[in-house]
Amino acid sequence: MKVFVTGGAGFIGSHLVDLLLEDEHDVVVLDDLSSGSMENLATPIDDGAIEFIQGDITTADFDRLFAEHEIEVVFSLAAQIDVRKSVLDPIQDAETNILSVVKLADAARKNGVRKIVHTSSGGSIYGVPNNYPVSESQEIDPHSPYAVSKVSGELYLNAFSHLYGLETSFIAPANVYGPRQNPHGEAGVVAIFSERLLKGETTVVFGGGQNTRDYVFVKDVARAFVAAAGASGNRQRFNIGTGVETSDLELHDAIARAVGTAQKPEDRPARLGDLPRSSLNSERAREELGWHAEVSLEDGIFQTVDYFRNKIS
């Protein structure tokens, strides 16, 4: 199968590329390297196993690329992913996360692409529901421009599916963590805590550290993308998480234990746009994709800390 991965040099995208190559697919990667890294794709690039194109999804000529490479499936991962940035600059967020998706979908339907597997956001689009873990039947209630943009991407792609027969699936992960995550942005708290604790630097929680999240390991998430590419169900969102809530303080303590330190975090005021709780029900993914989370939080944190320890040394 010939596949196209936007954001394929990034955190989740590079793990997806690894799996696609293991399954012997032909892979084309588009990434602007604003947050992704060539280091994440060093082995497949050196081996000539992928074709890498440096480019931005807001300016890429998808018509030409899809026609030239005869793409069957597009994995759409490139995005603006920071909730706080979306609050500060909602226009840029919409240009990246909505208009680029429309352009990608239009090029896909013109060039015979069978399916787009698009990244949604299980951690933000449902707002603050009454019951947890949250299933896909929960009414969406986005509380940030980022969450709105992710819902909009789903709606536009489903419209193209209805109009032109383009197949669509949506992977809505909980909070993804693991090796290769960027520890220098606002997103990726496991990576941030891991690197700073290993270096003996200050760590921070917000609003008392009682916000909870559902942490799912990156390789488990990559498996969900691959499974969705072949799923018969069209216009479906798949929540991808563990259903387990972990508070910021609990997470910090778990990472500190893996690092081997007793350091405690500073507490700062809550941030605008942060949700108090998040956890996902993934029964649909289990039933229709045969997916379930395989890596425990303890094992995943160990692998993540080990990755950053090796990078620092």
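**Exercise 1. Find what share of the 313 residues of the protein chain counts as buried, then describe the chain as a whole.**

Solution. Begin with burial: 51% of the 313 residues count as buried, where buried means under 20% relative accessible area, exposed over 50%, and partly exposed in between (1.4 Å probe, protein chains only). Keep in mind that this is a predicted model, in which local features need pLDDT of at least 70 and side-chain atom pairs count only at pLDDT 80 or more, while totals for chains, interfaces and linings use all residues. Residues are numbered from 1 along each chain as its sequence is written, and side-chain values use heavy atoms, with hydrogens and water left out.

Next, count the elements: the protein chain has 11 helices and 13 strands. These are DSSP runs numbered from the N terminus, helices (H or I) having at least four residues and strands (E) at least two. The radius of gyration of the protein chain is 19 Å, close to the 20 Å from the globule rule for 313 residues, so the chain is as compact as a globular protein of that length. That radius is taken over C-alpha atoms, and the rule is 2.2 Å times the number of residues to the power 0.38.

Then look at the box: along the principal axes, the C-alpha atoms fill roughly 55 × 45 × 40 Å. Finally, turn to contacts, meaning heavy atoms within 4.5 Å. Among those in the protein chain with a separation of 6 or more, 81% come from residues 24 or more positions apart.

**Exercise 2. Check the span of helix H11 and work out which of its residues are buried.**

Solution. Start with the length. H11 runs over residues 297-312, and at 1.5 Å a residue its 16 residues should span 22 Å; the end C-alpha atoms are 22 Å apart, which agrees. The expected span is 1.5 Å times one less than the number of residues.

Now list the buried residues of H11: Gly300, Ile301, Thr304, Val305, Tyr307 and Phe308. They lie on the same side of H11, because they cover an arc of only 155° around the axis; the arc is that of the directions from the helix axis to the C-beta atoms. On the other side of H11, Glu298, Phe302 and Asn310 are exposed.

Last, find the partners: the buried residues of H11 pack against strand E7 (175-177), helix H7 (189-199), strand E10 (215-217) and helix H9 (248-259).

**Exercise 3. Do the span check for H6, and see what follows this helix.**

Solution. The 20 residues of H6 should span 28 Å at 1.5 Å a residue, and the end C-alpha atoms are 28 Å apart, which agrees. Its buried residues include Tyr146, Lys150, Glu154, Leu157 and Phe160. The buried residues of H6 pack against helix H4 (83-88), helix H5 (90-110), E5, strand E6 (167-173) and strand E11 (236-240). After H6 comes glycine 165, with a positive phi near 80°.

**Exercise 4. How many aromatic pairs does a search of the whole structure find?**

Solution. The search finds 7 aromatic pairs. Rings of Phe, Tyr and Trp (its six-membered ring) pair if their centres lie within 6.5 Å; planes under 30 degrees apart count as stacked, over 60 as edge-to-face and the rest as tilted.

Take phenylalanine 160 and tyrosine 164: at 5.6 Å centre to centre and 50° between the planes, this pair is tilted. The two are 4 residues apart in helix H6 (residues 145-164), so about one helical turn separates them. Phenylalanine 160 is buried, at 11% relative accessible area, whereas tyrosine 164, at 43% relative accessibility, counts as partly exposed.

Now consider tyrosine 177 and tyrosine 215: the ring centres are 6.4 Å apart and the planes at 80°, so the pair is edge-to-face. This pair links distant parts of the chain, with tyrosine 177 in strand E7 and tyrosine 215 in strand E10, 38 residues apart. Tyrosine 177 and tyrosine 215 are both buried.

**Exercise 5. Which residues does threonine 246 contact, leaving aside neighbours within four places in sequence?**

Solution. First place threonine 246 in strand E12 (residues 246-247). Threonine 246 is buried, with a relative accessible area of 9%. With those neighbours left aside, threonine 246 is in contact with Asn211, Thr212, Arg213, Tyr215, Leu251 and Leu297.
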